[in-house]
Amino acid sequence: MIMAIRKQNKQLRTNNVTIMLNDSEMRALKHYCDRYQIKNRSRLIREILMKGILKRFDVDSPTLFD
């Protein structure tokens with residue numbers, strides 16, 4: 001029996017976003033990553049950003065009863 005192998009539908013990240021941090025913000029980010037042993041800062045920032053955006057969408061969504 002031959003089983004078909006399904007490829008996972010990965011969304012490639014092809015868009016680039018650049019942010020600027022001042023010295024104290026960068027120190028705080030590095031300290032946080034060192035403290036919690038985070039190796040991928042890009043993933044951390046992306047996850048925090050998207051959680052904030054999705055939370056805001058949820059708060060701003062129209063409701064049936066106000």
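Which side chain meets that of Arg43 in a salt bridge? The partner is Glu47, at 2.9 Å from N to O. A salt bridge here is a side-chain nitrogen of Lys or Arg within 4 Å of a carboxyl oxygen of Asp or Glu.

This is a predicted model: local features need pLDDT of at least 70, side-chain atom pairs count only at pLDDT 80 or more, and totals for chains, interfaces and linings use all residues. Residues are numbered from 1 along each chain as its sequence is written, and side-chain values use heavy atoms, with hydrogens and water left out.

**The chain**

The protein chain has two helices and zero strands. Both terms refer to DSSP runs numbered from the N terminus: helices are H or I with at least four residues, strands are E with at least two. Of the 66 residues in the protein chain, 5% are buried. Buried means under 20% relative accessible area, exposed over 50%, and partly exposed in between (1.4 Å probe, protein chains only). The accessible surface comes to about 7,600 Å². Carbon and sulfur atoms hold 55% of that surface. Such areas come from the Shrake-Rupley method with a 1.4 Å probe; for residues, only the protein chains shown count as cover.

**Salt bridges in helix H2**

The count comes to two salt bridges. Arg43 and Glu47 lie four residues apart in helix H2, about one turn. Arg56 and Asp60 are also four residues apart in helix H2, so about one helical turn separates them.

| Salt bridge | N to O distance |
|---|---|
| Arg43 and Glu47 | 2.9 Å |
| Arg56 and Asp60 | 3.1 Å |

Arg43 counts as partly exposed because its relative accessibility is 46%. Glu47 is partly exposed too, at 37%. Arg56 is exposed, with a relative accessible area of 57%.

**A nonpolar patch**

Leu49, Met50, Ile53, Leu54 and Phe57 make a nonpolar surface patch of about 490 Å². Patches take residues with over 30% relative accessible area and no salt bridge; nonpolar side chains (Val, Leu, Ile, Met, Phe, Trp, Tyr) are joined within 5 Å, like charges within 9 Å. Leu54 sits in helix H2, residues 41-60. Its relative accessibility is 53%, so Leu54 counts as exposed.

**The loop**

Gln37 lies in the loop between helix H1 (23-35) and H2. It is not a glycine, yet has a positive phi of about 55°. Gln37 counts as exposed because its relative accessibility is 66%.

**The largest pocket**

The largest pocket holds about 560 Å³ of space. A pocket is an open set of points on a 1 Å grid over the protein atoms alone, where a 1.4 Å probe fits, with protein on both sides within 12 Å along at least five of seven lines; lining residues have an atom within 4 Å of a point. The lining has 14 residues, and Asn15, Val17, Ser42, Arg46 and Leu49 lie nearest the centre.

How values were computed
Grid points are joined across faces, edges and corners, and a volume is the space filled by probe spheres set on the points.
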